[in-house]
Amino acid sequence: MIVPDSNDNLYVTADERIRKISADGSNVSTIAGQWHDFADGYGTNAKFRTPEGLAIDANDNIYVSDRGNHRIRKISELTSAKGVKVETISGTGDYDYQDGTNDQAAYRDPILI
């Protein structure tokens, strides 16, 4: 999945990473993730397990369906000097179907389309 931001940069999932392709295509960089695991955090300290779907809002926040971790994650602070911020916004991490608040809901392999 590929999504553009308001500056025409492109974001794509690749392995366990979220990558950014500059608007002019001259630079590709990993903005988040690097290994197959789970961790919220900044930049490459954050970890994903099979991120598949991406969506982006009007404020250039990126939403990731972290399929293998059974969570929905948010990437914000795209211009921060310390790196982008990755946080879980919904999902317990349990492979289940559960309605509830953001910290009670559970997903089975969520995919944003």
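Two strands count as paired here when DSSP finds at least two bridges between them. With that in mind, welcome to the close-ups of this predicted model.

**Figure 1. Confidence along the protein chain of the predicted model**. The protein chain has an average pLDDT of 92, and 98% of its residues score at least 70. Strand 3 (residues 17–21) is where confidence is highest, at 97, while strand 6 has the lowest mean, 94.

Figure 2. Strand 8 (residues 71–76) runs antiparallel to strand 9, and five bridges join them. One place to look is Ile-72, whose bridge partner in strand 9 is Ser-90.

Figure 3. Is Tyr-42 buried, exposed or partly exposed? Its relative accessibility is 28%, so Tyr-42 counts as partly exposed. Apart from residues up to four places away in sequence, Tyr-42 touches Glu-77, Lys-82, Gly-83, Val-84 and Lys-85. For a sense of scale, Tyr-42 and Asp-109 are 67 residues apart along the chain, and their C-alpha atoms are separated by 24 Å.

**Figure 4. The hairpin of strand 3 and strand 4**. Four bridges link strand 3 and strand 4 in the antiparallel sense. Six residues lie between the two strands of this hairpin, where Gly-25 adopts a positive phi near 80 degrees.

**Figure 5. Arg-19 in its strand**. Arg-19 is part of strand 3, and its bridge partner in strand 4 is Thr-30. Why is Arg-19 called partly exposed? Because its relative accessible area is 26%, a value in between the cut-offs of under 20% for buried and over 50% for exposed. Setting aside neighbours within four places in sequence, Arg-19 is in contact with Leu-10, Tyr-11, Val-12, Ala-14, Val-28, Ser-29 and Thr-30. Asp-8 makes a handy reference point: Arg-19 is 11 residues from it in sequence and 14 Å from it in space, C-alpha to C-alpha.

**Figure 6. The largest nonpolar core**. This core has 13 residues, and Ile-18, Ile-31, Ala-32 and Ile-75 touch the most other members. At least two residues of the core come from strand 4 (28–32), and at least two from strand 7 (62–66). In soluble globular proteins, nonpolar side chains tend to be buried together.

**Figure 7. The surroundings of Ile-75**. Which residues does Ile-75 contact, leaving aside its neighbours within four places in sequence? They include Ile-18, Ile-31 and Ala-32, along with Phe-48, Ile-62 and Val-64. Val-84, Lys-85 and Val-86 are also in contact with Ile-75, as are Asp-60 and Asn-61.

**Figure 8. Arginines over aromatic rings**. Phe-48 has the charged end of Arg-73 over its ring, 4.7 Å from the ring centre. Arg-17 lies over the face of Trp-35, at 6.0 Å from the ring centre. How many aromatic pairs are counted? The count comes to zero.

How values were computed. Residues are numbered from 1 along each chain as its sequence is written. Side-chain values use heavy atoms; hydrogens and water are left out. pLDDT is the predictor's confidence in each residue, from 0 to 100. A nonpolar core is a set of buried Ala, Val, Leu, Ile, Met, Phe, Trp, Tyr and Cys residues joined through side-chain atoms within 4.5 Å. Buried means under 20% relative accessible area, exposed over 50%, partly exposed in between (1.4 Å probe, protein chains only). Contact means heavy atoms within 4.5 Å. Rings of Phe, Tyr and Trp (its six-membered ring) pair if their centres lie within 6.5 Å; planes under 30 degrees apart count as stacked, over 60 as edge-to-face and the rest as tilted. A charge sits over a ring if NZ of Lys or CZ of Arg is within 6 Å of the ring centre and within 35 degrees of the ring normal.
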